[in-house]
Amino acid sequence: MDHRFQVSLRGVIDLLSHHLYSSPGVYVRELLQNATDAIRARQHLESQHPGTLRLELMEKQDGGATTLVFTDDGVGLTEEEVHRFLATIGESSKREALEARRNDFIGQFGIGLLSCFMVCDELLVVTRSARGTHPTLEWRGRHDGTYDVRPAAHPLERPGTQVFLTARADMAEWFTPERVRSLVLHYGGLLPFPIHLTVGGQTEHLNRDGAPWSASYESPSERREALLAYGRQVFDMDFLDYIPLRATSGDVQGVAFVLPASPHFNAKQKHRVYLKSMLLSESADNLLPDWAFFVKCVVNANALRPTASRESFYEDAVLERARGSLGVALRRYLMDLAREEPRALQRLIALHGLSMKALALDDDDFFRLVIDWLPFETSLGMMTLGDYRRAYSLVRYTPTLDGFRQVARVAAAQGLCIINAAYTHDTALLERLPQLFPEVRAEPFSSAELPQSFEELTDDERHAVRSLVRVADRALLPFRCGVEVRKFLPAEVPTLYSTDEEGAFRREAERAREGADDLYAGVVAGVLEGAPGQLHAKLCFNYLNPVVRRMARVPDREVMKLSVEMLYVQSLLLGQHPLSAREMTLLNQGLLGLIDARLGDDDEGPENDGGPGSREVH
Amino acid sequence: MAGDWNDEADALLERAEHLPYGDTKTRILEEAVRLADLHGDIDRGYALRGELIDAATFGGAADKVLVAFAWCRGQQKKDPKRFDPEEMLWKQKWVVGLMDEFPSISRQQIAAALDDLEQGFARVNAGKRAMLKLRYLTAMDMGEVDEAERLWAAWIQTPRDHLTDCRVCELDDELDHHVRRGEWELALRKARPLLDGRQFCTEVPHQTFGTLLYPLFRLGRMEEARDCHQRGYALIAKNREFLATVGEHLEFLGLTDNLERGLALFERHLGWALEHASRRDRFTFYTAAGFLLGRVVSAGRATATLRLPRDFELYQSNSTYETRALAAWMDAQSRDLALQFDARNGTDRFARLRQRTEALRTEVRPFALEG
């Protein structure tokens, strides 16, 4: 008797092919999944049942359509179960419903079969249940939505299921022996029971190897060679080494491969993951801890929950614990390397420094072990922290690049070695350093600290700059900038604007307030209130600089003031500090004033209208 | 030289994009902003500040958010055609939400900023939902209990629109509400999709795990609490944005008598608290740290070996600290901040939060995290 599906089969097939499946080739995956589930279900009944899967391609000599017969010796279906899967197909018109049904054996069976209609118009399923005595049944379904169920003309000798698919004319390419072989290996290459493919009377055992990490090998070196060859085959890359992975949570096993080159930024790697030995995704990216971007891995998980897209796993407690265990495995490899083959680890650091730094931040023991081998950029060139610490008792670093630029030249001239810790993780590592090594002093360094290393003036010299200090103090007070005179190298540098992060932020806040409306200017004032420090910064004059010494001798206070203001603005610009509106005015007026002074007295004398350039200069 | 700096700013921006939220990302964007300002490029400075506002909002630098926005606001007022305020309404929502974390920003300023934002929303014909939530959160933070209840009810039943926060973030705020009312079971039931990893956002479930520690503790669901502590702490340990959440974990460790681990977290994060922009988050941390250290004192430990920052007032170069003195210092900070907040708000919420913590001493129930 003929029946009709409850819903438009076309609609469901359309839904599957457009929303759930990325390619028609997944019909092989779905059939493998069904066979695997059936074999596992049978193994529940008979624990010794080995399970076998046979595929046969029957190509017609006359060029007619090829038929693929997919045979498993799994648990089979009873008549009642056949009707249940048909009901499932009827209900599977929503994606959510499809996903939910996948978790149940019968539901998955029906949905799996539906995918076959992407490549064929008619499907024949012959099945015999292993539960008690049931007749062999035959279900014939057609893409137009009609089907019939009847006792099979040729009963199966043993329990199991056979699926016959006859290729649709436009889908013949999905039925060639090469394509079927590669699809089976792609999706089911790790399945733990034999899969045979028969073509033209020749039978081939497709998945001889199983999971390469579970296989036994003659020697460690043979294991290494085999696994690296496997890595090359999967990722098309020559890896440096392999690391075995295992996690009890999620029942995860696999292998990680060490990348031969440093990845661009700390991009998360795409891993290949299998769920219960069936390929789930080639681009899972949430399986390893964040720092582990120096490896790509292949793993099989038996108890993690896939997301609807089947691209990765849900972020749940099981995954969290599994990720923890996989992280421990990677970390143990690195710790062993540190103790037993430090040179190999140093090579790894040179290649994957960023990954190693990220792990050190995550893991105190690893930090202690490798921190001295990590490379840093300093004002005197690249060096490891170990080299730095052997040469200097205090570790000084700048957290930003412009902070580094502000001090690098002058610091180098004083023989100070400063680490540029603007690179990813560097500041966080150096902040952590004294917490883990109490004897080590590590401090952020800024141009505010620089003057402490400068030589003080003698009493005579101090006397000589007395009026300069007084004039400069008064000129710069409106800019919340203090004044100091010291001797430092290089002598060509007349002044140094010295400030720290807090000072730089206050400058920025001041500039924001200048332009904002009353409401937000008030808010900025509120933010700054209570924060310490009246003076943002200090302008440090260099007594070794001849211009500074001449300035200090100039009798004309206005000239002295103008020069101070110009040096102030110049040192701001050299330190890459954006100017406030008032500082910009200072610059403009000052330039005009200097030009005016160079032009000298003419007949009219200096202008005196209060505009720019109105300073009295003689 | 001209031209170069644009490349340099691009490079900074690209680096920032690949970094997780935190100090480094914030600093890099500040640097890019300074470059633009230095070269007088207002358009670039405006765009980069937009990025900086994002990074600082999710990187625990509320002061930088407010200053960057104030600068942009200035440009909007000067030339609203070139710098359309509408495009920054989403960020302005965060900006206004941060204000009450500074006791030095007055009630009037906060009220004015809320009204100003509401007008901005009205100009683009946005719905009321986002504004109601923001007003609800502000009222709640400032201890206006009745007003908060009224706004909660109004918020929940107002339709969503393009300017409301995502469902996941809203759900997280709902959880806070239920936990505050002691509706432990309800909070946990609603939190399920967040805990299962089915739904997430930038700061969810990072904060959620911290929120749920106390309800789970109260219900005696200790294995789940342990999971929340372990999964949650891993998500927040490297971003100072979560200082207050660290406080919740400290409290949990004190409540369950895991004092060693509590001290390890305290040691690791005190530096954040000492210089954190958000005074409210400092309060939460100091209050919880005071509780934890009080537990350490009660357990009979007179001293503890800790590596604390050099600029900490009680810094000891030999790393040996009197636990009683540490507890007292934390408590004094907490009390001082509570006074400032309650004075500004004109309510007693922070004093009551301190009383709540004080009462936790009687609830301690040891539970070993390991094994």
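How many residues of chain A are in contact with residues of chain B? In this predicted model, 51 residues of chain A are in contact with 47 residues of chain B, where contact means heavy atoms within 4.5 Å. Local features need pLDDT of at least 70 and side-chain atom pairs count only at pLDDT 80 or more, whereas totals for chains, interfaces and linings use all residues. Residues are numbered from 1 along each chain as its sequence is written, chains are lettered from A in the order in which they are written, and side-chain values use heavy atoms, with hydrogens and water left out.

The size of an interface is often given as the accessible area lost when the parts come together. Chain A and chain B bury about 4,500 Å² between them, with 54% of this area on carbon and sulfur atoms; buried area is the accessible area (1.4 Å probe) that two parts lose on being put together, summed over both. Between the two chains there are 9 salt bridges, a salt bridge being a side-chain nitrogen of Lys or Arg within 4 Å of a carboxyl oxygen of Asp or Glu. One of the contributing elements on the side of chain A that touches chain B is α12 (401–413), which supplies at least two residues, as do, among others, α8 (317–340) and α9 (342–362); helices (H or I, at least four residues) and strands (E, at least two) are DSSP runs, numbered from the N terminus. The residues on this side of chain A comprise 22 nonpolar, 11 polar and 18 charged ones, where Ala, Val, Leu, Ile, Met, Phe, Trp, Tyr, Cys and Pro count as nonpolar, Asp, Glu, Lys and Arg as charged, and the others, Gly among them, as polar.

A salt bridge joins the side chains of A:Asp402 and B:Arg34, at 2.7 Å from N to O. B:Arg34 lies in helix α2 (residues 23–38) of chain B, and it counts as buried because its relative accessibility is 17%, buried meaning under 20% relative accessible area, exposed over 50%, and partly exposed in between (1.4 Å probe, protein chains only). Leaving aside residues up to four places away in sequence, B:Arg34 touches A:Asp402, A:Gln576 and A:Pro578.

Chain A itself has 20 helices and 22 strands, and buried residues make up 55% of its 618 residues. A:Glu484, placed in strand β20 (residues 481–486) of chain A, counts as buried at 16% relative accessibility. Apart from neighbours within four places in sequence, A:Glu484 is in contact with A:Pro451, A:Lys538, A:Leu539, A:Cys540 and A:Phe541.
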